[in-house]
Amino acid sequence: MTLFDSPSFKNHEGVFSFFDEKTGLKAIIAVHSTSRGPAVGGCRMWNYGSSAEALEDVLRLSRGMSYKNAVADLEMGGGKSVIIGDARTQKSPELFRAFGRAIDTLGGIYYSAEDVGVSVEDIMYAREETEYVVGLSGGKEASGDPSPVTAEGVFRSTLVAAKRLWKQDDLNGLTIAVQGSAGHVGAYLSEKLHKAGARLVMTDINEAALRQIAEKTNAEVVAPDAIYDVQADIYAPCALGATLNEQTLPRLKCKAVVGAANNQLATPEIGERLFKAGVLYAPDYVVNAGGIINVASEMKARQTGGAYDPQWVEGKLVGLMQTVDEIFARSEAEGRPTHEIADSIAEARIAEGQCRIGLRREAA
Ligand code: NAD
């Protein structure tokens, strides 16, 4: 399959392949949209079965970043990069320096950061060759671990859902089933939900860490697969993608789904079925955008010579919650699933801008 025929191509502004003989670097950088600002999205290092598989993945992820950055109202477009290789055995400082030089050739239309298989340390090597990377470990602009901010966004979205469904300002009397409660986001989120009055039922495959967080939050623990059968008001997926699927849907008893995991819907049809079943699904890329908002503060600081600004992050989180509420309200008023409303908000915001690659000069 060629690039333009790929079902994931979806109007990417630019797709760039890089090869470095000395280090063996094989990388693809996909820039979906620069209409709201430079494309920002992490770099994933993965042992893809073929370069076609790597291309599909980078295109899908890159478009996802455009949508996430737009709904979070950030002055950033969407892009992503992949390095083809085994992150356990094929990493080297020189590989990431070469990757940094690759990014640098794009002159700032794409900023990279960490993702699966790529650490802050790796990105620091790329930084030696380019200024177009974010998610760094030091300096006044550094934004640090995004997980607490992601958890805060998911927590506040849970409150927005509770207000809409149960007309209450806290989580008293509600049972929440948290999947991945021992993870970076899951643990912060569980503590917040517990403090707001929710009764928690949780699971994780990391048993030692699970026991710790369960004790701290007075939670009931269930086996990983049993989480779908819990009699809960809200299901909070914070581990894997695609847990809302043909098999789990008939088992879920909740009235709302609000969690941090990416790509929760196995297919868009599942979103439709949740809607028809009266389950309020909080679109994943909207409610988990706290982390990218945190990174955006670092970008802004870099561009203006300022520092990481927690107040700016707070302002963006407040705006994000207004968007979550708007999505719920429009879904009800228009009789359409929430994931469709979120996409249409993102698409409208992307269409407002003007791309920076220079091919399209007129405003859309
Ligand atoms: P993490 O790896 O720290 O946490 C995931 C947790 O899920 C781990 O504790 C793991 O043991 C557990 N887990 C894995 N498989 C499981 C299973 N089958 N059943 C139950 N538990 C299982 O990752 P994280 O950073 O906390 O991210 C969690 C999710 O949120 C991911 O989907 C990630 O893509 C998404 N996300 C994270 C951020 C962030 O800021 N970290 C931002 C946006 C989206």
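Leaving aside neighbours within four places in sequence, Ser157 is in contact with Val258, Val287, Met321 and Val324. These contacts belong to a predicted model. Ser157 lies in helix 4. Its relative accessible area is 0%. Ser157 is therefore buried, as that term applies under 20%.

Two elements give two or more residues to the shell around the ligand: helix 4 (147-166) and helix 5 (184-195). The shell holds 19 residues. Among these, Thr150, His184, Val185, Asp204 and Asn262 come nearest to the ligand. By residue type, the shell divides into ten nonpolar, eight polar and one charged.

Several polar atoms of the protein lie by oxygen atoms of the ligand. In His184, a polar side-chain atom is 2.6 Å from a ligand oxygen. The side chain of Asn262 places an N or O atom 2.9 Å from an oxygen atom of the ligand. Ala260 contributes through its backbone instead: a polar backbone atom of Ala260 is 3.2 Å from a ligand oxygen. On its own, the ligand has 820 Å² of accessible area. The protein covers 73% of that area.

The chain was also examined at the level of domains. It is divided into domain 1 and domain 2. Domain 1 is made of two stretches, 3-69 and 76-127. Domain 2 is given as 147-288. The C-alpha centres of domain 1 and domain 2 lie 30 Å apart.

Backbone angles were considered next. Most residues other than glycine have a negative phi. Asn11 has a positive phi of about 60°, although it is not a glycine. Asn11 is found in the segment before strand 1 (14-20). With a relative accessible area of 64%, Asn11 is exposed, because that term applies over 50%.

Lys167 also has a positive phi, near 55°, and is a residue other than glycine. Lys167 lies in the loop between helix 4 and strand 7 (175-179). The relative accessible area of Lys167 is 66%, so this residue too counts as exposed.

How values were computed. Residues numbered from 1 in each chain as written. Predicted model: local features only at pLDDT ≥ 70, side-chain atom pairs only at ≥ 80, totals over all residues. Heavy atoms only, no water. Near = heavy atom within 4 Å. Polar contact = N/O pair within 3.5 Å; in protein donor to acceptor, adjacent residues only side chain to side chain. Areas by Shrake-Rupley, 256 points an atom, 1.4 Å probe, with all protein chains shown as cover. Helix = DSSP H or I, 4+ residues; strand = E, 2+ residues; numbered from the N terminus. Nonpolar A, V, L, I, M, F, W, Y, C, P; charged D, E, K, R; others polar. Buried < 20%, exposed > 50% of the residue type's maximum accessible area, 1.4 Å probe, protein only. Contact = heavy atoms within 4.5 Å. Domains from an automatic or database assignment.
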